[in-house]
Amino acid sequence: MLIFELSKEGRKAPAQFPQSKPALPGIPEQFLRSKSVDLPEVSELQAVRHYTKLSQKNFSIDTHFYPLGSCTMKYNPRGAQKYSMLPGIIDRHPLAPDSKSQGFLSCMHDLQEILKDVTGMDEVSLAPMAGAQGEFSGIRMIRAYHESRGDHQRTEILITDSAHGTNPATAAMCGYKVREIPTDKEGDVDLTAFKEMVGPQTAGIMMTNPSTLGVFEKYIETISKIVHDAGGLLYYDGANLNAILGKVKPGEMGFDVMHMNLHKTFATPHGGGGPGSGPIGINKRLVPFMPTPHVTVKNVDGHKFYQWKGKAQMPESIGSLSAFGGNAGILVRAYIYARLLGREGLVRVGEFATLNANYMQAQFIQSGFQIAFPQRRATHEFIVTLKKEAKELGVTAMDFAKRLLDLGYHAPTTYFPLLIPECLLIEPTETESKDEMDGFIAAMVQILAEANHDATQVTSAPLTMPVKRLDDVRAARELDLAWIKQP
């Protein structure tokens with residue numbers, strides 16, 4: 001029900017009325033309202049109940065298990081939120097001088113050091129405002145590096161066929177031709193094809209490890225050597241850092257630059273388009289090209305003094321990515337999260353994320369589901385393929401996804417990666433209990449049983465949601481979100 005349908009003339013909530021203010025001077029007459037805005041007339045209690053009920057219809061990490069693979073939906077501790085709201089943080093103006101920002105800058109410098117340690121990189125920039133912007137800055141740095149050497153023949157970026165869609169988009173935006181590397185039947189890079197693709201035209205390679213197929217790339221050291229021997233560089237997509245946190249570092253794998261999705265690994269809010277933060281880790285050869293500003297520290301009269309370093313101090317920098325120095329509130333949350341957990345706690349993130357995924361994968365195999373790579377151990381995520389069910393029962397991965405809503409679970413990522421037919425990419429994260437995971441497994445088993453008994457119960461889902469199954473294409477093309485009062 002729309003709140004307009006609750007409206008009756010004369011109902012009001014006067015305690016919540018804003019203070020009446022005169023119109024701003026200088027606005028042309030034709031732009032001023034001639035009558036009041038047509039708002040619903042409801043009581044305060046009706047308004048509170050209406051919007052509370054609407055919020056309860058949402059699936060969220062605060063209310064549901066959310067096994068969304070390619071975008072880690074894990075619980076964000078309220079402590080990180082609390083301390084990011086301290087007056088000295090939230091009230092600080094972005095243009096405040098360094099001398100008035102020592103507390104904030106010291107936190108940011110510490111965060112840079114923590115992320116350097118986690119990734120094995122030589123330097124970290126907090127400037128990128130999102131993972132995609134981190135990607136863009138990384139490839140721009142690779143381009144700047146080659147151009148600084150007069151190496152203009154490097155026109156190609158190699159990207160695995162299991163990559164996130166932002167990877168080829170980023171390479172293209174930076175002026176590179178994209179070449180796709182195939183995957184072998186084991187889920188690894190096809191080394192034979194890869195070796196034939198690498199040459200003097202190769203600027204670099206973009207990949208994540210573990211890959212979006214949910215397996216750890218076995219040949220990563222070989223891949224690194226081949227690319228470096230050819231004069232190219234390696235870019236690491238940090239989307240799957242959860243799986244290796246505290247166990248292995250991208251810098252040790254041979255990667256030259258990487259981004260980190262803080263909303264995936266370091267407990268910052270995610271969803272609804274933001275806010276985001278995608279710091280980049282950089283090795284020594286790329287440090288001169290890193291984006292500005294950057295937090296540095298010097299000794300002044302025996303005390304540490306933290307300051308921003310800008311374009312004037314970094315003439316080869318690719319420049320600024322935003323008006324200020326990154327998304328401050330998100331960076332503070334990540335810093336608090338890392339400090340709350342400590343070194344040992346961050347190691348446990350990787351251990352439990354991987355343990356949970358392998359437990360669930362084993363349970364799914366035991367329950368009769370087909371796994372994409374059953375011969376491989378899962379990392380922090382794994383793939384169920386419903387190719388057999390789609391062919392024999394006419395029940396697709398999307399049908400399973402819609403039916404899960406009826407049973408109180410948001411669906412995992414569907415139909416990605418594109419290499420696996422009718423796939424569900426399942427990532428439990430490290431914050432879920434065994435009971436929650438068992439509940440999700442039971443729901444999937446129930447849906448499989450329904451599909452075998454009466455497929456229409458699954459193919460017609462969702463059955464209990466406020467809105468039944470939509471025509472996805474029509475909904476996207478004919479989006480109607482406006483309410484118009486009928487005469």
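## Meet M121

M121 touches K116, G251, F255, D256, V257, M258, G281, I282 and N283, leaving aside residues up to four places away in sequence; contact here means heavy atoms within 4.5 Å. This is a predicted model, where local features need pLDDT of at least 70, side-chain atom pairs count only at pLDDT 80 or more, and totals for chains, interfaces and linings use all residues. Residues are numbered from 1 along each chain as its sequence is written, and side-chain values use heavy atoms, with hydrogens and water left out.

So where does M121 sit, and is M121 buried or exposed? M121 is in the loop between α4 and β1. Its relative accessibility is 6%, so M121 counts as buried. (Buried means under 20% relative accessible area, exposed over 50%, and partly exposed in between, using a 1.4 Å probe and protein chains only.) Between the C-alpha atoms of M121 and A442 there are 42 Å, with 321 residues separating the two along the chain.

A quick word on naming: helices (H or I, at least four residues) and strands (E, at least two) are DSSP runs, numbered from the N terminus. Two strands pair if DSSP finds at least two bridges between them.

With that in hand, look for an open sheet of 7 strands, ordered β1-β7-β6-β5-β4-β2-β3, whose pairing is mixed. The edges belong to β1 (123-125) and β3 (177-181); each has a single partner strand, so one side of each is left without a neighbour in the sheet. On average, neighbouring strands here are turned by 25° against each other, direction ignored. Inside the sheet, β4 (residues 202-207) and β5 (residues 233-238) run parallel and are joined by 4 bridges. M206 stands opposite Y235 in β5.

## Helices on that sheet

Helix α4 (residues 102-119) packs on the sheet and touches β1 and β6 (257-260). The direction of α4 makes about 125° with that of β1. For such angles, axes are lines fitted to C-alpha atoms, for helices over the stretch in contact, and values run from 0 to 180 degrees between N-to-C directions. Helix α6 (residues 166-173) lies across β2 (156-160), β3, β4 and β5, and runs at about 175° to β2.

S101 has a relative accessible area of 3%, so it is buried. Leaving out residues up to four places away in sequence, S101 touches R92 and A96.

## Two helices side by side

How do α11 and α14 meet? The axes of α11 (residues 328-366) and α14 (residues 434-453) come within 11 Å and cross at roughly 30°. That makes α11 roughly parallel to α14. (Angles under 35 degrees count as roughly parallel, over 145 as roughly antiparallel, 65 to 115 as roughly perpendicular, and the rest as oblique.)

The crossing of α11 and α14 is right-handed, a label used if the near helix is turned clockwise from the far one by less than a right angle, with anticlockwise giving left-handed. On the α11 side the contacts come from N356, Y359, M360, Q363 and F364, which meet K434, M437, D438, F440, I441 and M444 in α14.

## The four-stranded sheet

There is also an open sheet of 4 strands, in the order β10-β11-β13-β12, with antiparallel pairing. Here β10 (370-371) and β12 are the edge strands, each with a single partner, so one side of each is left without a neighbour in the sheet. β12 and β13 run antiparallel and are joined by 2 bridges, and T413 stands opposite L425 in β13.

Most residues other than glycine have a negative phi, and most peptide bonds are trans. D301 is not a glycine, yet its phi is positive, at about 55°. You'll find D301 in the loop between β8 (294-300) and β9 (303-309), and D301 is exposed, with a relative accessible area of 74%. E422, also not a glycine, has a positive phi near 45° and is in the loop between β12 (413-414) and β13 (423-426).

Which residues does a cis peptide bond join? One joins N209 and P210, with omega about 5°; P210 lies in the loop between β4 and α8 (220-229). Another joins A461 and P462, with omega about 5°, and P462 lies in the loop between α15 (456-459) and α16 (472-477).
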